Amino acid sequence: MNKTNVILFTFIKSKSLDSILNQVLAYSPQILYIVSDLTRNNTDLEYQKEVVRIVNSFNDRLNIVLLSPNEHLGISKIVDFGLDTIFEKEEQIIILEDDNVPSHSFFDFCNLTLNLFKEDSNIGSVIGSNLINNTIHTCCFKSRFGLPYWGWATWKNKWCKLPKSDTFFESKFSGNPALDDILYTLYNTKGGNVSWDVRWSIYQYLNNLSVILPDINLVSNEGFSPLGTFTKNENSAFKLLPTFSVEYITDWCLGLESGKVFEIEYIQKIHSFLNELKNN
């Protein structure tokens, strides 16, 4: 199986970068794309100097391709810029941000599912962070809705259909109270410089594209700090979720259709996460 290349989005957070880059190094992709947004002010610039130093320390061990926009884009546009640029060369990609620390199995899981489902018109993306405190792996599962995107993967032919604005948002509820509350919350952001992951999640939902997730958590978000855009709550229940690795990955998709219990719990966890964001 060919290894899928990796894109890492950086800005001003440096705390977890060494851990992330060491995991990428262990995975050893042919190319690591690093997308760095431009700074807004001198304070950002000082923080970014440490980011640059850490990235440069891996230059002799990883084939790093650096990409930056011509101006500061912010969270609503930088992922569009990075993925649109990458997909001029790649057909599929594994995506991390500067606070997403993966386990080794995250890359194996992404490679397996990207190749298994690349021809499946009903799957939009793969997510490695499921928010569920499950410790024993038995299967992966499908979900009708995906969020947050802390370590994920997708294909060019899925991502490049995503509109660059939120004008496509429409009310289309599910009958699941937790999911409907999530949808209602996100629909209400329409016209408000909405983050890329909200557009991506709603786009997939409205177009009947499911996400694939593992039943154990493979990525931990270490970015709950004042430097975060949305993850500023340092006491978050979702901070430093434990991650797991498994020795064999060939059975990841066994029991896929029996994973409904995980989808229900996952939707409930997303609901809890969004309520935490709204209340802090």
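Glutamate 263 touches Phe141, Lys142, Ser143 and Arg144, leaving out residues up to four places away in sequence; contact here means heavy atoms within 4.5 Å. This is a predicted model, in which local features need pLDDT of at least 70 and side-chain atom pairs count only at pLDDT 80 or more, while totals for chains, interfaces and linings use all residues. Residues are numbered from 1 along each chain as its sequence is written, and side-chain values use heavy atoms, with hydrogens and water left out.

Staying with that glutamate: glutamate 263 sits in helix α8, residues 260–278. Helices (H or I, at least four residues) and strands (E, at least two) are DSSP runs, numbered from the N terminus. Is glutamate 263 buried or exposed? Glutamate 263 counts as buried because its relative accessibility is 11%; the classes are buried under 20% relative accessible area, exposed over 50%, and partly exposed in between, with a 1.4 Å probe and protein chains only. The side chain of glutamate 263 also reaches the backbone nitrogen of arginine 144, at 2.8 Å. That is a polar contact, defined as a pair of N or O atoms within 3.5 Å; within protein, one must be able to donate a hydrogen and the other to accept it, and residues adjacent in sequence count only if both atoms are side-chain atoms.

Next, strand β9. Five of the five residues of β9, residues 210–214, are buried, so the strand is largely enclosed by the rest of the structure. Both of its faces are covered, with Ser210, Ile212 and Pro214 on one side and Val211 and Leu213 on the other. Which strands pair with β9? β6 pairs with β9 in the parallel sense over three bridges, and β7 runs antiparallel to β9, joined by four bridges. Pairing requires that DSSP finds at least two bridges between two strands. Isoleucine 212 of β9 is the bridge partner of valine 126 and also of lysine 142.

The loop between β6 (123–127) and β7 (140–143) holds asparagine 133. Asparagine 133 is exposed, at a relative accessible area of 59%. Its C-alpha atom is separated by 7.7 Å from that of proline 242, which is 109 residues apart from it along the chain.

Now helix α7, residues 196–206. The helix is mostly covered, with 11 of its 11 residues buried; among them are Trp196, Arg199, Trp200 and Tyr203. Just after α7, asparagine 208 takes a positive phi of about 60°.

What does serine 76 touch, leaving aside neighbours within four places in sequence? Serine 76 is in contact with Asn193, Val194, Ser195, Trp196 and Arg199. Serine 76 lies in the loop between β3 and α3 (78–86), and is buried, with a relative accessible area of 8%. From serine 76 to tryptophan 196 is 5.1 Å, C-alpha to C-alpha, although the two are 120 residues apart in sequence.

Last, helix α2, residues 42–56. Its 15 residues, at 1.5 Å a residue, should span 21 Å, and its end C-alpha atoms are 21 Å apart, which agrees. The expected span is 1.5 Å times one less than the number of residues. Asparagine 41 caps the N-terminal end of α2, with a side-chain oxygen 3.2 Å from the backbone nitrogen of threonine 43. The buried residues of α2 are Asp44, Gln48, Val51, Ile54 and Val55. An α-helix has 3.6 residues a turn, so residues three or four places apart point the same way. The cover over the buried residues of α2 includes β1 (6–10), α1 (17–27), β2 (32–36) and β3 (64–67).
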